[in-house]
Amino acid sequence: AGSGTFAVAVDLSAAGGTAYDPQVAVGSDGATTVVWTRSNGSNLIVQARTRPAGSGTFDGAEDLSAPLQGADYPQVAVAADGATTVVWDRWDGSNRIVQASTRPAGSSMFGGAVDLAAAGQNADYPQLAVGVDGAATVVWQRAGPTYSRIQQSTSLATMYSLTLTRSGAGSGSVSSSPAGIGCGPVCSYPFSLSTSVTLTASPATGSSFTGWSGSGCSGTSTCTVTMLGARAVDAKFTKLPSNKFTIKSVKPGVKALTSTVVLPGPGTITQIVTRSVKKKSKTVKIAVCKTSKKATKAGAVKLTCKLSSATRNALRKRSLRVSVKTTFTPTGGLLASKTKTVTLKRKR
């Protein structure tokens with residue numbers, strides 16, 4: 001605007017492969033999308049680049065068609081709200097099929113390709129138009145047994161982007177139903193207008209999910225978003241305190257079992273000692289002793305587990321093999337347990 005000359009030519013397709021069949025569409029805000037077919041040496045791929053509104057340069061090239069499918073003849077159109085639709089035909093191994101992909105208004109990426117024409121007969125030469133209401137209509141030529149016919153498909157559903165971010169020092173994943181979200185720290189996926197999308201967070205080992213924020217979501221249960229426009233949701237994951245502890249020593253005595261445990265931080269350390277005995281042809285476990293202590297900081301903790309009177313009496317007759325289960329629950333974290341077997345020597 002305001003100039004009488006064109007600027008110097010800029011390459012949009014990458015060097016090293018033939019590119020052809022370019023098409024261009026401009027949105028009401030000035031955002032410009034260019035599509036073309038590019039040969040990678042063995043197959044044809046439909047690609048797109050966009051110059052955002054107010055920018056002087058195009059974003060990087062985005063592959064719209066899948067590899068190894070011989071995609072060709074792309075067409076592009078932009079709705080009044082900025083939603084951009086691209087159609088093309090691709091080879092399924094025996095016939096050509098018309099496909100489409102839409103980039104919702106406000107999104108920076110196109111959604112997955114959708115087959116418009118049914119398999120079994122060649123569909124070719126797609127054309128595309130978008131109305132003021134955002135409805136996209138695609139027409140194409142469909143080969144028949146004795147003659148060709150024209151077919152069409154119309155998308156009345158406007159697409160909007162749901163963008164997910166993950167915050168916090170912890171880690172985890174988020175999936176969606178319907179499928180689409182399930183990616184890295186930041187991801188976006190287009191869903192149709194009025195679609196109800198349920199997000200589920202799954203913390204990784206050593207992390208906890210502490211809550212949603214954005215688009216009306218909160219709490220730690222699932223998050224449900226209704227796509228009445230572009231939506232953004234954050235999932236926060238917190239790193240749990242370490243529960244890795246070390247049993248430095250276990251010293252059995254005739255009155256008590258004394259242990260030294262090294263803890264990584266504050267929490268509760270518990271020790272339960274049991275032994276196995278036979279009763280009526282069954283083996284059962286009976287208590288030997290139990291002790292617990294709270295730690296306020298990292299370091300060594302001494303536990304003294306006083307033996308039961310029944311155990312002390314049994315030691316007058318023989319030595320006893322006992323199971324020592326030590327459990328540490330860090331403050332705000334998940335418990336961890338270790339079990340070892342020791343021998344309580346007979347009391348002489």
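Me: By class, how many charged residues does the lining of the second largest pocket have?
Reply: Happy to start there, with the note that this is a predicted model. The second largest pocket holds about 360 Å³ of space, and 25 residues line it. Sorted by class, that lining has nine nonpolar and ten polar residues, and its charged residues number six.

Me: Which strand gives the most to the lining of the second largest pocket?
Reply: Let's begin at the centre of this pocket, where Ala 31, Thr 50, Gly 82, Arg 103 and Ser 107 are the nearest lining residues. The strand that gives the most supplies three residues and covers residues 44-51. That is strand E3.

Me: And the largest pocket: which residues are the closest to its centre?
Reply: The largest pocket has a volume of about 420 Å³. Its lining is made up of 23 residues. The closest to the centre are Thr 85, Ala 100, Thr 102, Ser 155 and Met 159.

Me: Which strands each supply at least two residues of the lining of the largest pocket?
Reply: By class, this lining divides into twelve nonpolar residues, ten polar and one charged. The strands that each supply at least two of the lining residues are E7 (96-103), E10 (136-143), E11 (148-155) and E14 (186-192).

Me: Turning to the aromatic rings, are Phe 209 and Trp 212 stacked or edge-to-face?
Reply: The structure holds five aromatic pairs. In the pair of Phe 209 and Trp 212, the ring centres are 4.9 Å apart and the planes stand at 65°. An angle over 60 degrees counts as edge-to-face, so this pair is edge-to-face.

Me: Is Trp 212 buried or exposed?
Reply: Phe 209, Trp 212 and Phe 237 form one aromatic cluster. Within it, Phe 209 has 12% relative accessibility and counts as buried. Trp 212 has 6% relative accessibility, and the cut-off for buried is under 20%, so Trp 212 counts as buried.

Me: How many residues apart are Phe 245 and Phe 328?
Reply: The rings of Phe 245 and Phe 328 have centres 6.2 Å apart and planes at 70°, so they make an edge-to-face pair. Phe 245 lies in the loop between strand E18 (231-239) and strand E19 (246-252), while Phe 328 lies in strand E24 (residues 320-330). The pair therefore links distant parts of the chain, with a separation in residues of 83.

Me: Which residue has its charged end over the ring of Phe 245?
Reply: Phe 245 is buried, and so is Phe 328. The charged end over the ring of Phe 245 sits 4.8 Å from the ring centre, and it belongs to Lys 338.

Technical notes. Residues are numbered from 1 along each chain as its sequence is written. This is a predicted model: local features need pLDDT of at least 70, side-chain atom pairs count only at pLDDT 80 or more; totals for chains, interfaces and linings use all residues. Side-chain values use heavy atoms; hydrogens and water are left out. On a 1 Å grid over the protein atoms alone, a cavity is a set of points where a 1.4 Å probe fits but cannot get out, and a pocket is an open set with protein on both sides within 12 Å along at least five of seven lines; lining residues have an atom within 4 Å of a point. Grid points are joined across faces, edges and corners, and a volume is the space filled by probe spheres set on the points. Helices (H or I, at least four residues) and strands (E, at least two) are DSSP runs, numbered from the N terminus. Ala, Val, Leu, Ile, Met, Phe, Trp, Tyr, Cys and Pro count as nonpolar, Asp, Glu, Lys and Arg as charged, and the others, Gly among them, as polar. Rings of Phe, Tyr and Trp (its six-membered ring) pair if their centres lie within 6.5 Å; planes under 30 degrees apart count as stacked, over 60 as edge-to-face and the rest as tilted. Buried means under 20% relative accessible area, exposed over 50%, partly exposed in between (1.4 Å probe, protein chains only). A charge sits over a ring if NZ of Lys or CZ of Arg is within 6 Å of the ring centre and within 35 degrees of the ring normal.
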